[in-house]
Amino acid sequence: FESQAPVSVEVLDENDNKPIFDMDQYSISLPYDSQPGRSIISVHAQDSDAGANGQLQYWIKNTHGLFQIDAKTGQVRLVTRLPAPTHQNQTQTFELRIFAQDQGSSPQIGETSLLIRLTNSVNHPPKFDKFAYQVSIDENLSGIPLIQVQASDPDVGKAGKIVYRLVRVQAASLIQRSNQILSSQASSGSGSSGSSPTGGSGGSGQLMSKKSQYDQQVASEQQLDYLKSAFKIDKNSGKVMLMEPLDYEETHNVELIIEARDEALNDAQSTSAFVQIQVLDVNDNKPEFLAMPKLLRVSSSTQPNSEIIYTIQAVDFDSSTQGNNQIEYRLETPSRYFNVHPQTGVLFAIQQLPTTLAEGGQTIPELEAEKLPGGATIYSESLVIIAQDRSPTHPLMDKLVIEVEVYKDQADDAHPVFNSNQYFVQSESSIEPGTVILAPKATIPNGDPLVYNISQIEWGLPTGSGGTGGIFGRQKMTAPQQQQQQRALFKRFAIDPETGRISTTSKLEPSDSLAKNIYHFIIRATNRAQPLLSNEAGVVVRLWDTSLRCPRFPFTEYYASIPEGARIDSVAVPNLVIDDVEKFAGQKLSYQITEDNSNDNFFIDVSTSAASSSALQATGQQPQQQQANSQPLQRINVSLRVKKALDRESMPKFLGGMYTLTVSASNSKCATQARVKIMIEDQNDNSPSFERPDYFVELRENSPIGHVG
């Protein structure tokens with residue numbers, strides 16, 4: 001005899017790789033007359049470990065009191081004036097030791113050096129025409145010019161010829177998602193094992209959970225690699241091309257770091273600029289119905305216009321922009337007995353249902369057999385239900401066909417009857433393997449025994465395949481891929497055949513990108529004595545990550561240029577709203593300036609405006625609750641505004657005309673920060689002035705023409 005069992009082996013990441021810089025030693029020439037605040041060079045290290053083990057922070061050990069490095073970006077800047085040379089041909093050199101440290105529990109450190117040679121050279125660094133660049137692009141576009149950056153250099157020859165290089169591509173949302181997954185892996189790996197529904201070890205559940213987390217981690221890393229290949233820059237013109245399409249549903253914002261460097265032979269100069277890209281949502285995902293029985297058996301005693309037969313639900317993974325994810329329901333063809341609520345999806349009877357074969361429209365021969373066995377069908381109808389989003393320009397829809405059978409309650413009925421046609425489970429945290437999440441109950445009126453099981457999902461899963469979904473957000477999922485995903489999600493639940501208790505077989509995570517916070521399936525109760533008689537009910541499990549979610553700004557740094565003398569209350573940075581702000585509905589969010597070297601010249605303005613939305617679709621609540629949820633929502637607007645008069649000439653010289661602020665957004669659990677760099681543009685607002693109000697000079701008579709007194 002032999003038996004087989006699947007074994008899953010996960011290789012957990014160890015922090016066994018130290019950060020490695022792109023170069024063992026960086027070198028650059030810096031003129032003595034360089035102004036404080038000047039960007040010198042951007043260093044970059046990579047760590048092949050995953051999650052926090054691969055997230056880096058930079059620092060300089062020996063700054064000489066002259067230099068500082070951005071801990072997140074690796075940008076090295078001059079913070080004060082350089083010492084003057086003692087003679088014309090003096091060359092002074094500074095060597096800085098720069099370190100990159102990962103954020104693992106046992107951190108690894110990488111090291112490089114930066115050699116800065118001070119010269120009397122008149123080679124100027126290139127200067128971009130803008131302090132930073134912002135651009136918006138619709139998702140799904142590719143092979144198009146995105147933006148053209150331009151830098152100038154007043155030098156002649158090779159010292160004035162500029163070449164452009166794409167230094168780095170990054171997306172904060174993908175990096176954070178990767179960190180969340182790794183954090184979840186660490187917590188699940190150190191926790192105790194849950195018990196299985198049958199009382200055995202939860203080890204297999206943990207293995208399945210870890211494999212799911214591993215798959216999510218791989219997907220996030222693949223998406224980051226995909227982004228890196230999506231952009232290309234022409235080294236001579238600075239034209240940035242979008243080579244591969246972007247997907248709003250995967251990342252809303254992308255940031256490029258571009259370097260402009262001259263081709264001087266001995267003391268090449270360079271500078272960097274940021275291009276911040278906002279990905280705009282296009283209505284490319286159609287609504288997808290959640291699992292529901294193909295056959296609904298409805299008692300003839302159902303009360304019209306007040307009793308819920310079933311709450312039909314669909315999801316749409318587009319954004320709420322212009323109603324792209326707001327769904328309305330309707331019947332394709334009006335029904336004599338039934339209708340569906342357009343906002344909530346509630347299916348209900350519009351008049352008293354037939355109680356006899358004659359009322360149900362049966363033919364004369366069938367009327368002769370009026371005495372039917374319990375549970376026999378009196379009336380049946382096929383309903384075609386349409387779910388359509390509210391996009392004003394290009395609405396998308398999906399159809400669902402269900403069969404409704406009306407039966408008369410009788411004591412000898414041998415059909416199983418659930419105490420509800422559908423069940424809802426909601427959780428604001430992760431659910432461990434072996435947790436009983438639901439105990440549905442079915443009975444058979446005539447007392448026959450029954451057995452429970454979970455039937456395979458047949459309506460498909462909301463994978464975003466209505467448009468251009470997929471692992472990179474770029475292609476439709478094939479039928480085999482959808483089936484494989486269905487089986488993966490289906491296996492995360494088990495049902496006790498005797499009691500009907502439903503439990504998890506693997507850990508359910510709110511951050512699971514595969515399930516997108518929703519699990520749904522069908523349960524069936526079958527008459528043991530008459531296996532052809534059965535009944536089904538729908539189950540929807542939703543995981544809200546409000547208790548786990550921390551706010552996050554779309555970008556780690558924001559850039560703005562405003563002229564000195566800008567009017568009070570004018571906008572410096574128009575949009576400081578956190579990413580996915582709609583997911584924080586009901587929470588108190590606080591925005592504030594936590595660090596400020598501008599002498600309190602700016603303030604954060606938070607305002608709200610009404611935004612009508614029905615994005616909160618039915619979740620198993622009663623009709624009055626759903627009606628409350630469809631009230632107008634408040635749209636939050638957050639901006640950084642000018643508080644005092646700005647004067648570039650009164651700014652400390654070491655700031656180089658640029659203020660740096662740190663803004664934070666926080667909820668009751670945690671806070672996030674972003675830096676805001678504001679360049680104050682010089683305006684011709686000062687008249688020439690003499691050093692003294694009056695000048696006196698003695699001049700001898702007969703002094704020759706051209707004599708200086």
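Which residues form one aromatic cluster with F553? In this predicted model, where local features need pLDDT of at least 70, side-chain atom pairs count only at pLDDT 80 or more, and totals for chains, interfaces and linings use all residues, the cluster is made up of F553, F555, Y558 and Y591. Residues are numbered from 1 along each chain as its sequence is written, and side-chain values use heavy atoms, with hydrogens and water left out.

The structure holds 18 aromatic pairs, a pair being rings of Phe, Tyr and Trp (its six-membered ring) with centres within 6.5 Å, counted as stacked when the planes are under 30 degrees apart, as edge-to-face when over 60 and as tilted for the rest. One of these pairs joins F21 and Y58, which are tilted, at 6.1 Å centre to centre and 55 degrees between the planes. Because F21 lies in strand β1 (residues 20–21) and Y58 in strand β5 (residues 56–60), the pair ties together parts that are 37 residues apart in sequence; strands (E, at least two residues) are DSSP runs, numbered from the N terminus. F21 is buried, with a relative accessible area of 7%, and Y58 is likewise buried, at 7%, where buried means under 20% relative accessible area, exposed over 50% and partly exposed in between (1.4 Å probe, protein chains only).

The rings of W59 and F99 have centres 5.1 Å apart and planes at 20 degrees, so this pair is stacked. W59 lies in strand β5 and F99 in strand β8 (residues 92–102), so parts that are 40 residues apart in sequence are tied together by the pair. W59 is partly exposed, at 32% relative accessibility, whereas F99 is buried, at 9%.

Notes:
Helices (H or I, at least four residues) and strands (E, at least two) are DSSP runs, numbered from the N terminus.
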